[in-house]
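Subject: The structure we talked about

Hi there,

Here is the structure I promised to pass on. Have a look at it first, and then read my notes below.

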Amino acid sequence: TADVVPQAPEDPLFGLMAAYHRDSSNLKVDLGIGAYRDDQAKPWILPVIKKADERVRNDPNFNHEYLPIAGLSEYCLAAQRLVLGTESPAIKENRVCTFQTISGTGAVHLGALFLSKFHPNQSHTKVYVSNPTWVNHHQIFGNVGWPIAIYPYFSTESKGLDIDGFLGTLKTAPEGSIILLHACAHNPTGVDPTQEQWKQIAAVIIERRHFPFFDTAYQGFASGDLARDGWAIRYFVELGLELCIAQSFAKNFGLYGQRVGAFHFVSAPGAEATGTNRRIFSQLAILQRSEISNPPAYGARIANVVLNDPELFAQWEDDLRTMSGRISDMRKGLRKRLEARGTPGKWNHITDQIGMFSFTGLTEPQVQILREKWHIYMIKNGRISLAGLNSRNLDYVAEAFDDAIRE
Ligand code: LMR
């Protein structure tokens with residue numbers, strides 16, 4: 001076997017992170033992986049997570065036993081409420097089937113695998129992803145055999161949404177296609193549809209009987225408001241669509257390495273009467289058991305404490321505002337500095353885009369200059385994680401961008 005294994009390329013994000021750590025320059029700046037940093041460029045343990053963690057550790061009933069196959073049930077229900085809203089008709093009508101997963105990646109995978117077994121017309125169906133999308137989407141769907149197609153998303157001219165291209169492809173895609181949608185704070189572009197545009201997208205999805213698959217990894221990071229960031233998903237559910245959701249708590253709880261997430265399958269109205277939820281649950285249980293047996297407990301217990309305690313929940317909302325507020329200040333700071341220098345190009349997109357990332361428009365050779373000459377690490381497609389900026393490196397980064405662009 002070993003002889004025939006070809007060398008695979010390094011992961012673009014984790015490879016970059018390793019290169020950053022190897023760089024011994026004290027000027028280095030990490031604008032690569034989407035992980036929040038404080039103004040000292042350090043990982044930030046959310047104050048609310050510190051409290052919840054203590055509560056979990058000091059619980060006299062704490063142990064390291066297995067969780068059920070579907071995960072911690074209270075946590076799963078709280079995750080549903082968070083993404084769908086407490087008043088969701090789907091929750092009230094018992095049409096949501098939830099499994100705790102290995103963060104968002106595991107949720108996308110479980111969904112991709114489930115659909116590869118049960119989505120009708122497999123041989124004619126493709127999964128449509130935005131151009132561009134999170135690089136891992138291609139691998140996750142590809143690994144379980146899904147052919148992938150792309151829909152236009154980012155306009156290189158306006159550095160905003162190409163809504164006409166997006167809707168055009170949705171209209172011509174074969175009926176019943178799976179459409180992967182970023183619920184908010186699109187990764188990597190930082191460009192989200194407006195509510196009006198979501199309505200247009202939903203209308204075409206209904207007309208063409210497509211299947212929406214939402215990825216929500218940044219709830220609370222787009223607007224700083226959890227409900228507003230859940231709007232698109234809640235709207236699709238109100239329309240009575242059948243859909244699924246991959247939910248990550250890596251970023252909004254800062255629980256990156258704990259791998260806390262959930263997969264939700266929302267059935268259409270009326271499904272409860274036919275026992276749909278029970279059937280879906282039974283199949284997901286088999287998939288989950290064979291893949292991970294049961295999900296990891298610790299991080300989910302921490303998240304569960306916050307999600308189910310009103311006081312801690314309110315504190316979490318404050319922590320989210322702290323993170324999204326600092327990121328928004330960094331956007332303003334970078335734009336201001338580039339404009340003050342007269343750096344060629346327009347820079348309004350830096351503050352127009354939202355969430356953790358900005359799609360700067362920097363080209364691959366410019367990204368190369370930034371890395372080699374300035375020790376600034378970002379992915380080749382020009383995406384930066386704004387969380388890597390801080391009050392001490394903003395001037396340096398703006399100077400470096402200016403230099404790379406003029407070169
Ligand atoms: C990112 O896009 O930087 C994050 O989602 C981290 C990851 O797993 O790729």
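Strand β8 (residues 260-266) is mostly covered, with 7 of its 7 residues buried. Buried here means that 20 or more other C-beta atoms lie within 10 Å of a residue's own; exposed means 12 or fewer, partly exposed means in between, and C-beta atoms are placed from the backbone. Strands (E, at least two residues) and helices (H or I, at least four residues) are DSSP runs, numbered from the N terminus. Val260, Ala262, His264 and Val266 point one way from β8, while Gly261, Phe263 and Phe265 point the other way, and all are buried.

Please keep in mind that this is a predicted model: local features need pLDDT of at least 70 and side-chain atom pairs count only at pLDDT 80 or more, while totals for chains, interfaces and linings use all residues. Residues are numbered from 1 along each chain as its sequence is written.

Now for the partners of β8. Strand β2 (residues 96-102) pairs with β8 in the antiparallel sense over 7 bridges; two strands pair if DSSP finds at least two bridges between them. In that pairing, cysteine 97 stands opposite phenylalanine 265 of β8. Strand β7 (residues 243-248) is also antiparallel to β8, over 6 bridges, and there glutamine 247 stands opposite alanine 262.

Because 5 of the 6 residues of β6 (residues 211-216) are buried, the strand is largely enclosed by the rest of the structure. β6 also pairs with β5 (residues 178-182), in the parallel sense, over 5 bridges; histidine 182 has aspartate 215 in β6 as its bridge partner. Together, β5, helix α8 (residues 195-207) and β6 make a right-handed β-α-β unit (right-handed if, with the strands pointing away from the viewer, the path from the first strand over the helix to the second runs clockwise).

Helix α8 contains glutamine 200, which counts as partly exposed because it has 15 C-beta neighbours inside 10 Å.

In α7 (residues 163-172), Phe166, Thr169 and Leu170 are buried. Seen down the axis of α7, these residues fall within an arc of 100 degrees, so they line one face of the helix; the arc is that of the directions from the helix axis to the C-beta atoms. Asp164, Lys171 and Thr172 are exposed on the other side of α7. In α15 (residues 364-374), the buried residues include Gln366, Val367 and Leu370. Their arc is only 105 degrees around the axis, which puts them on the same side of α15. The face turned away from that buried side carries the exposed residues Glu364, Pro365, Glu372 and Lys373.

And which residues are around the ligand? They are Leu13, Ile33, Gly34, Trp134, Asn136 and Asn187, where a residue is near a molecule if its C-beta atom, placed from the backbone, lies within 6 Å of it. By class, this shell has 3 nonpolar, 3 polar and no charged residues (Ala, Val, Leu, Ile, Met, Phe, Trp, Tyr, Cys and Pro count as nonpolar, Asp, Glu, Lys and Arg as charged, and the others, Gly among them, as polar). Domain 1 (10-46 + 325-406) and domain 2 (66-308) each give at least three residues to the shell; the domain bounds come from an automatic or database domain assignment.

Best wishes
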